[in-house]
Structures are given as structure tokens and as C-alpha cells.
Amino acid sequence: MSSLQVGIVGLPNSGKSTLFNALLKRQVANVASYPFTTIEPNVGVVVVPDERLKKLAEMIKPEKLTSATVNFIDIAGLVKNAHQGEGLGNQFLAKIREVDAIVQVIRGFKDESVSHYYGSLDPQRDKEIVEIELALGEIKKPTLYLLNQDEVRPVEGFLVVNAKTGEGVEELIQAAYQLLELITFYTIKGGKEVAAWSLKEGSSAFEAAAKVHTEMAQGFIKAEVIGYDDLVATGGWQAAKTKGKIRLEGRDYLVKNGEVIEFKFGH
Ligand SMILES: Nc1nc2c(ncn2[C@@H]2O[C@H](COP(=O)(O)OP(=O)(O)OP(=O)(O)O)[C@@H](O)[C@H]2O)c(=O)[nH]1
Ligand SMILES: [Mg+2]
């Protein structure tokens with residue numbers, strides 16, 4: 001199953017590639033003070049920060065630990081009349097059409113050495129320019145409005161980050177995850193491999209199994225399920241089993257956020 005994608009969209013020099021690098025915690029995308037630095041989109045797999053996964057790892061001490069991920073894609077800067085081919089125009093509007101959700105990066109930082117495409121700092125105006133272009137390009141996607149500035153403090157109507165330092169980036173990943181309507185379930189393979197998996201809200205145990213392995217879904221017999229809190233409270237899978245805390249569910253069971261699942265399957 002392919003992963004969902006979040007597109008990073010905004011005016012040139014708003015800090016999209018800087019944000020992308022902060023998300024990936026390493027330098028991948030080219031960052032520069034001139035506009036249209038990014039032409040070909042950068043795609044990155046971003047680890048979803050997860051306190052529950054950390055706790056499960058502490059409890060189980062697995063040999064292998066795998067986080068859930070979300071794909072972010074850093075797209076070329078967008079300007080007024082992009083839908084008519086202005087700037088890099090239609091080429092990247094097509095890219096934006098492929099994503100499942102949008103993070104609109106809006107410049108809130110002052111820096112004389114970084115030119116502003118419209119000459120002055122004005123987050124509200126910039127937001128509207130991009131909104132109008134997306135609408136004219138007939139792009140209707142859930143959107144997060146992200147104000148990129150040096151000081152990370154609450155601003156109404158925006159999520160705030162400092163793309164340069166990465167402050168606020170974890171909150172952004174969580175917010176994007178929610179925007180995509182994703183929940184997390186966990187698997188503990190033989191007590192040795194703990195993994196977090198993202199799943200669209202309202203998915204069945206069968207669909208969850210398919211996330212882990214096609215064979216698990218095809219040969220689905222049943223799912224052994226326990227909520228995260230119950231598992232932690234009982235202290236481990238075996239203890240939970242002994243105490244009868246683990247439920248048996250069928251293929252149509254709707255998986256809930258935080259559940260720990262062991263799939264039973266045959267060939
Ligand atoms: N002071 C400050 N500078 C920033 C911040 N974020 C980005 N910059 C700077 O702004 C410039 C442009 O950043 P990029 O990340 O290349 O911007 P972009 O939106 O990807 O630009 P294009 O690819 O040209 O559309 C670089 O010089 C960055 O170092 C920030 O939060 N604060
Ligand atoms: Mg860029």
C-alpha cells in the first residue's frame with residue numbers, strides 16, 4: 001500500500017526547502033536566498049514522533065524498532081498566475097494535484113538578505129495569493145497553514161515553526177498526521193520487532209493486516225487485540241494474555257488508535 005503524501009507549498013523564499021530539511025533532520029534539499037531554487041520536487045520519508053512507541057520499546061526491548069512514516073514532498077515555489085504558467089506554473093500544479101494534503105508555508109521571518117517575491121513581509125496577503133492560485137488550479141485538499149518565523153509562539157489561524165532551527169516541526173508532523181486522518185497501530189513480532197503503522201481512520205483489521213504484509217491479509221484468520229494503555233498496565237503481552245486482556249477480533253473489526261495487534265494468518 002502506498003504511503004500518503006503531504007505537499008509543501010508556498011511562495012518562493014518562504015522556507016519550504018529549509019522546512020523539508022528540518023523534517024528530515026538532514027540536508028537534502030538545496031536552500032538558497034534566491035527564488036525558484038527548487039525545481040524538481042524533493043521527496044522525503046519523515047518519521048512520525050511517537051511517545052507510545054518509545055514506551056513500548058522500553059517495555060519490550062526489541063531487537064528492531066520501526067516508526068510510522070509520512071511522505072513529505074518539497075515543491076517549487078508558487079506565484080500569482082501560476083495556473084496560467086507564471087513562475088514555474090503548471091508543471092508543479094500537477095505535482096500538487098498528486099498529494100493527499102497540503103502544508104502551506106507562509107513567510108513570517110524578516111531577513112533583508114532573503115528577497116521577498118512581493119517586496120514586503122505580509123503573511124495574510126501571501127496566504128491569500130497561494131489560496132487563490134490553488135483554487136484557480138482547482139486543487140481542493142486539506143491544508144495546514146504554517147507560519148515560518150524566528151519566534152515560535154501561538155498565532156491565531158496558523159501553526160508556527162522556525163524552519164531554520166526545526167522548532168515546532170514535531171507538532172507539524174503530528175498535525176499533518178491528523179489532517180490525513182491517520183491513526184497508529186502497533187505490532188510486536190515474537191517480542192523482537194516492535195513496529196508502528198499508520199492506518200486511515202475507520203479501517204478494518206483486514207486492512208491493517210495488509211499494511212504489514214499482503215500474505216497476512218490474504219490468509220487472515222483473526223486478530224489478537226489490546227489497547228495500548230491496557231498492555232502497559234498489565235506489563236506485557238504474555239501477562240495480558242494470561243489475564244485474559246487480549247481480545248479476538250475478526251477481519252471486519254474497526255481498528256482503534258493505539259491498539260497493539262497480533263495477526264493470525266494461514267496460507
Ligand atoms: N531568518 C530565517 N531565514 C529563513 C527561515 N527559513 C528559511 N530561511 C531562509 O530563507 C531562504 C530561502 O529558503 P528556502 O528554504 O530555499 O526557501 P524555498 O521556499 O524553498 O524557496 P524556493 O525553492 O525558491 O521556492 C534561505 O536563505 C533560508 O536560509 C527562517 O525561519 N528564518
Ligand atoms: Mg525550495
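Predicted model: local features only at pLDDT ≥ 70, side-chain atom pairs only at ≥ 80, totals over all residues.

Trainee: Which loop holds E181, and what is its phi near?

Mentor: E181 sits in the loop between α5 and β8 (182-189). Phi there is near 60°, again positive in a residue other than glycine. E181 also has 14 other C-beta atoms within 10 Å, so it counts as partly exposed.

Trainee: How do you know that R125 is buried, exposed or partly exposed?

Mentor: R125 belongs to helix α4 (residues 123-136). Its count is 13 C-beta neighbours inside 10 Å. Exposed would need 12 or fewer, so with 13 R125 is partly exposed. As for distance, the C-alpha atoms of R125 and P142 are separated by 20 Å, and the two residues are 17 apart along the chain.

Trainee: On to the sheet. What is the order of its six strands?

Mentor: The order is β2-β4-β1-β5-β6-β7, in an open sheet with mixed pairing.

Trainee: What makes β2 and β7 edge strands?

Mentor: Each of them, β2 (42-47) and β7 (159-161), pairs on one side only. From one strand to the next, the twist averages 30°.

Trainee: How do you know that β2 and β4 are paired?

Mentor: Two strands pair if there are at least two bridges between them. Six bridges join β2 to β4 (residues 69-74), so the pair qualifies. These two strands run antiparallel, and V43 stands opposite I73 in β4.

Trainee: Which helices lie across the sheet strands?

Mentor: One is α1 (residues 16-24), which runs at about 35° to β2. Another is α5 (residues 169-179), running at about 145° to β7. Both α1 and α5 lie across β1, β2, β4, β5, β6 and β7.

Trainee: How is the chain divided into domains?

Mentor: Domain 1 takes in 5-48 + 69-179, and domain 2 covers 202-265. Their centres, taken over C-alpha atoms, are separated by 37 Å.

Note on methods: Residues numbered from 1 in each chain as written. Chains lettered and ligands numbered in written order. Helix = DSSP H or I, 4+ residues; strand = E, 2+ residues; numbered from the N terminus. Axes fitted to C-alpha atoms, helices over the stretch in contact; angles between N-to-C directions. Contact = placed C-beta atoms within 7 Å. Buried ≥ 20, exposed ≤ 12 C-beta atoms within 10 Å, placed from the backbone. Domains from an automatic or database assignment.
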